[in-house]
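User: I am new to this structure. Please show me how to read its features, one at a time.

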Amino acid sequence: MILHQILRLSSIFRSAVSIHLRRNIGLSAIVFNKAKELDPVQKLFLDKIREYNTKSKQAGGPVDAGPEFQKDMNEALARLQRAYGEGDLTKFPEFKFE
């Protein structure tokens, strides 16, 4: 009887330790990846995305877009408004569910 209880407790203990170790290994892998220095290509890519983001915020729209881009954008918006009706096509639609 005692042997049966000891074996049962040992299996519960093993499963608890196993779950704990899996969680810790998973978390340590995430922390290790964040702490690890990025390779040069990833770093360059992220720097360019951040640079474009700041330029886009300063310009208030697309970066390095000339008058030709604005003309094409207005023509496309006019075509879409003719095809699909009125409304502001530059905003994401708002849905209301009742």
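Analyst: We go from the overall fold to the helices, then to side chains and surface.
This is a predicted model: local features need pLDDT of at least 70, side-chain atom pairs count only at pLDDT 80 or more, and totals for chains, interfaces and linings use all residues. Residues are numbered from 1 along each chain as its sequence is written, and side-chain values use heavy atoms, with hydrogens and water left out.

User: How many helices and strands does the protein chain have?

Analyst: Helices (H or I, at least four residues) and strands (E, at least two) are DSSP runs, numbered from the N terminus. Here the protein chain has three helices and zero strands. Along the sequence, the pattern reads α-α-α.

User: What span does α2 reach from its first C-alpha to its last?

Analyst: Start with the expected span, which is 1.5 Å times one less than the number of residues in the helix. Helix α2 covers residues 40-59. With 20 residues, α2 reaches 28 Å, close to the 28 Å expected. Helix α3 (residues 67-84) has 18 residues and reaches 26 Å, close to the expected 26 Å.

User: What lies at the ends of these helices?

Analyst: Take the N-terminal end of α2 first. Asp 39 caps it, with a side-chain oxygen 3.1 Å from the backbone nitrogen of Val 41. At the other end, α2 is followed by Gly 60, whose phi is positive, near 75 degrees. After α3 comes Gly 85, also with a positive phi, near 95 degrees.

User: How many salt bridges does a search of the whole structure find?

Analyst: A salt bridge is a side-chain nitrogen of Lys or Arg within 4 Å of a carboxyl oxygen of Asp or Glu. The search finds three. Asp 47 meets Lys 43 at 3.5 Å, N to O. Lys 48 meets Glu 51 at 3.8 Å. Glu 51 also meets Lys 55, at 3.4 Å.

User: Why can residues three or four places apart point the same way?

Analyst: An α-helix has 3.6 residues a turn, so residues three or four places apart point the same way. Now apply that to the pairs. Asp 47 and Lys 43 are four residues apart in α2, so about one helical turn separates them. Glu 51 and Lys 55 are also four apart in α2, again about one helical turn. Lys 48 and Glu 51 lie three residues apart in α2, about one turn of the helix.

User: Which residues form a nonpolar patch on the surface?

Analyst: Patches are made of residues with over 30% relative accessible area and no salt bridge: like charges are joined within 9 Å, nonpolar side chains (Val, Leu, Ile, Met, Phe, Trp, Tyr) within 5 Å. Phe 45, Leu 46 and Ile 49 form one, with about 270 Å² of accessible area together. Ile 49 lies in α2 and is partly exposed, at 42%.

User: What share of the protein chain is buried?

Analyst: Buried residues make up 1% of the 98 residues. For total area, the Shrake-Rupley method uses a 1.4 Å probe; for residues, only the protein chains shown count as cover. The protein chain exposes about 9700 Å², and carbon and sulfur atoms supply 62% of it.

Definitions and conventions
A polar contact is a pair of N or O atoms within 3.5 Å; within protein, one must be able to donate a hydrogen and the other to accept it, and residues adjacent in sequence count only if both atoms are side-chain atoms. Buried means under 20% relative accessible area, exposed over 50%, partly exposed in between (1.4 Å probe, protein chains only).
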